[in-house]
Amino acid sequence: MSFIRKVSCFSMSVLQNSKGINVAFSACILILVICALLFSATVEAATYNLSAGQYPPCSSKSWTANGTTYVCNYGKVTLNAGDAVVANASSTLWAENGFLIDASVVGSSAHSIMLRSSYGVIRTTGGSSAGTVIFGSVIGASVTLGGTTVKGSVTGSGGAVMVNSEIEGNVGFNNEITLTNTIVAGFVESANREITLSGGSVGGGVKSSGGAGVFIDGTTVQGDISSANIISIEDSKVTGNVVSSCCKVTVTSSSVIGNIFTQGNPIELNGTDVV
């Protein structure tokens, strides 16, 4: 109350000193802006228990529960920094139009929660100091992850972009996959498009069955690399075979513990050890 009184007195003082309506109006706008900032700063994080009927914000405001599957019908689910979604049993949280998640925790080590989207993008960010953690797999159309740990696999019918993230399962999509400084415990596979890896590591194989090929820079791969187009590997370590079914393979300043094959096209090795 004292703050409001002081601001009110300030606005009256401005009015009296200036004797102008425009100055008073500007002071009122300033008061509204300050109040809005104070309100936004006091928004608290929320915890939602799906089993108890406590659902996170859904843009369509329409929820359906079927056993342990909770569906945001035709809508998008939004989680703000510090939010948490839990359940009393392993569950599926299905937002048909995707997710927008910022520095939140979904599920727990005791009860996983799978995130699923029918057609919208699943987008996560890690926030400035805390990352997003998902205890469960992620299934969607297209997926964009930043500063996120997924304790499961990430798959989709579209494409994927992941930055500074960790996937404790596999990554599989129909379209283009781009991973930057991301750790994948399992394989990385695209059915139709190219794969680009920069930094990070892959615990399994890398396979592209279409698109421009496979492009790897500064990544450790513990498995075979295969492509239906060219393969380019630079400043990387590969433990496995490197196979292109049609096109040129270029390996620069890297280590390959395995064989390199291509069908009727050159293999270019630049400062590379092949064992």
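Reader: Let's start with one residue. Is F187 buried, partly exposed or exposed?

Author: This is a predicted model, and in it F187 has a relative accessibility of 35%, so F187 counts as partly exposed.

Reader: Where is F187 placed?

Author: F187 sits in the loop between strand 20 (183–184) and strand 21.

Reader: And which residues is F187 in contact with, leaving aside neighbours within four places in sequence?

Author: Those contacts are N170, V171, V202, G204 and G205.

Reader: How far apart are F187 and Q222?

Author: In sequence they are 35 residues apart, and in space 9.1 Å from C-alpha to C-alpha.

Reader: Now the cysteines. How many disulfides does the structure hold?

Author: Two. Counting bonded cysteines along the chain, the pattern is 1-2, 3-4.

Reader: Which cysteine does C58 join?

Author: C58 is joined to C72, with an S to S distance of 2.0 Å.

Reader: Why is the disulfide of C58 and C72 right-handed?

Author: Because the torsion about its S-S bond is about 75°.

Reader: Are those two buried or exposed?

Author: C58 has a relative accessible area of 8%, so C58 is buried. C72 is at 0%, so C72 counts as buried as well. The cut-off for buried is under 20%.

Reader: And the other disulfide, what does C246 join?

Author: C246 is joined to C247, with 2.1 Å from S to S. The torsion about that S-S bond is -85°, and the link is left-handed.

Reader: How do C246 and C247 come out, buried or partly exposed?

Author: C246, at 27% relative accessibility, counts as partly exposed. C247 has a relative accessible area of 16%, so C247 is buried.

Reader: Salt bridges next. How many are there?

Author: The count comes to four.

Reader: Give me one. What does E168 meet in a salt bridge?

Author: The side chain of K151, at 3.1 Å from N to O. E168 is in the loop between strand 17 (166–167) and strand 18 (171–173), and K151 is in the loop between strand 14 (148–150) and strand 15 (154–156), so this pair links distant parts of the chain, 17 residues apart. E168 is partly exposed at 40%, and K151 is partly exposed at 35%.

Reader: Which residues form a network of salt bridges?

Author: E176, R193 and E194 are linked that way. Within that group, the side chains of E176 and R193 meet at 3.6 Å, N to O. E176 lies in the loop between strand 18 and strand 19 (177–180), and R193 in the loop between strand 21 (188–190) and strand 22 (195–198), so the pair ties together parts 17 residues apart in sequence.

Reader: What are the relative accessible areas of E176 and R193?

Author: E176 has 30% and R193 has 33%. E176 is partly exposed, and R193 is partly exposed.

Reader: Last one. What does E268 form a salt bridge with?

Author: K248, with 2.8 Å between the closest N and O atoms. E268 lies in strand 34 and K248 in the loop between strand 30 (242–244) and strand 31 (249–252), so parts 20 residues apart in sequence are tied together. E268 is partly exposed at 30%, and K248 is partly exposed at 34%.

Key
Residues are numbered from 1 along each chain as its sequence is written. This is a predicted model: local features need pLDDT of at least 70, side-chain atom pairs count only at pLDDT 80 or more; totals for chains, interfaces and linings use all residues. Side-chain values use heavy atoms; hydrogens and water are left out. A disulfide is a pair of cysteine sulfur atoms within 2.5 Å. Buried means under 20% relative accessible area, exposed over 50%, partly exposed in between (1.4 Å probe, protein chains only). Helices (H or I, at least four residues) and strands (E, at least two) are DSSP runs, numbered from the N terminus. Contact means heavy atoms within 4.5 Å.
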